[in-house]
Amino acid sequence: MAKLITYLLFITILFSFILLTMSKEAEYNPESYGAGSLKSYQCGGECTRRCSNTKYHKPCMFFCQKCCAKCLCVPPGTYGNKQVCPCYNNWKTQQGGPKCP
């Protein structure tokens, strides 16, 4: 019985370590963002993530995909973080406002 408990404890610790390692790899990594970090076919999925929390989903998707096609970059998260994609951040409307969501 003691060997079974020791074995189960070992398996639990091992499983926890594996999950912790996997979650660290999925964290924000600034080196993986920036101009040219995406391929054009990845823009749809990245813009879906970027626009997931807005109530203006259609315009957000339209402009995000337009910006992604030009810059090949979409900032991490659903808001802000534009500094990691300078092209995305610096593209402005005629009125001087941000073009990219």
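Leaving aside its neighbours within four places in sequence, which residues is Cys68 in contact with?

**View 1. The surroundings of Cys68.** Cys68 is in contact with Leu38, Cys43, Cys47, Cys73 and Val74, once neighbours within four places in sequence are set aside. Contact here means heavy atoms within 4.5 Å. A word on the model: it is predicted, so local features need pLDDT of at least 70 and side-chain atom pairs count only at pLDDT 80 or more, while totals for chains, interfaces and linings use all residues. Residues are numbered from 1 along each chain as its sequence is written, and side-chain values use heavy atoms, with hydrogens and water left out.

**View 2. The whole protein.** Four helices and zero strands make up the secondary structure, giving the pattern α-α-α-α along the sequence. Helices (H or I, at least four residues) and strands (E, at least two) are DSSP runs, numbered from the N terminus. Of the 101 residues in the protein, 22% are buried, where buried means under 20% relative accessible area, exposed over 50% and partly exposed in between (1.4 Å probe, protein chains only).

**View 3. Helix H2 beside helix H3.** The axes of H2 (residues 43-50) and H3 come within 9 Å and cross at roughly 135 degrees. That angle makes H2 oblique to H3; angles under 35 degrees count as roughly parallel, over 145 as roughly antiparallel, 65 to 115 as roughly perpendicular and the rest as oblique. Axes are lines fitted to C-alpha atoms, for helices over the stretch in contact, and angles run from 0 to 180 degrees between N-to-C directions. On the H2 side, look for Cys43, Gly44, Cys47, Thr48 and Arg50, which meet Met61, Cys64, Gln65, Cys68 and Ala69 in H3.

**View 4. The largest nonpolar core.** This core has 17 residues, and Cys47, Cys64, Cys68, Val74 and Tyr88 touch the most other members. H2 and H3 are the elements that give two or more residues to the core, and H3 supplies the largest share, six residues. A nonpolar core is a set of buried Ala, Val, Leu, Ile, Met, Phe, Trp, Tyr and Cys residues joined through side-chain atoms within 4.5 Å.

View 5. Leu72 sits in the loop between helix H3 (57-71) and helix H4 (86-90). Its phi is near 55 degrees, a positive value in a residue other than glycine, and Leu72 is partly exposed, with a relative accessible area of 27%. Asn81 also lies in the loop between H3 and H4. For Asn81, phi is near 60 degrees, again positive in a non-glycine residue, and the relative accessible area is 33%, or partly exposed.
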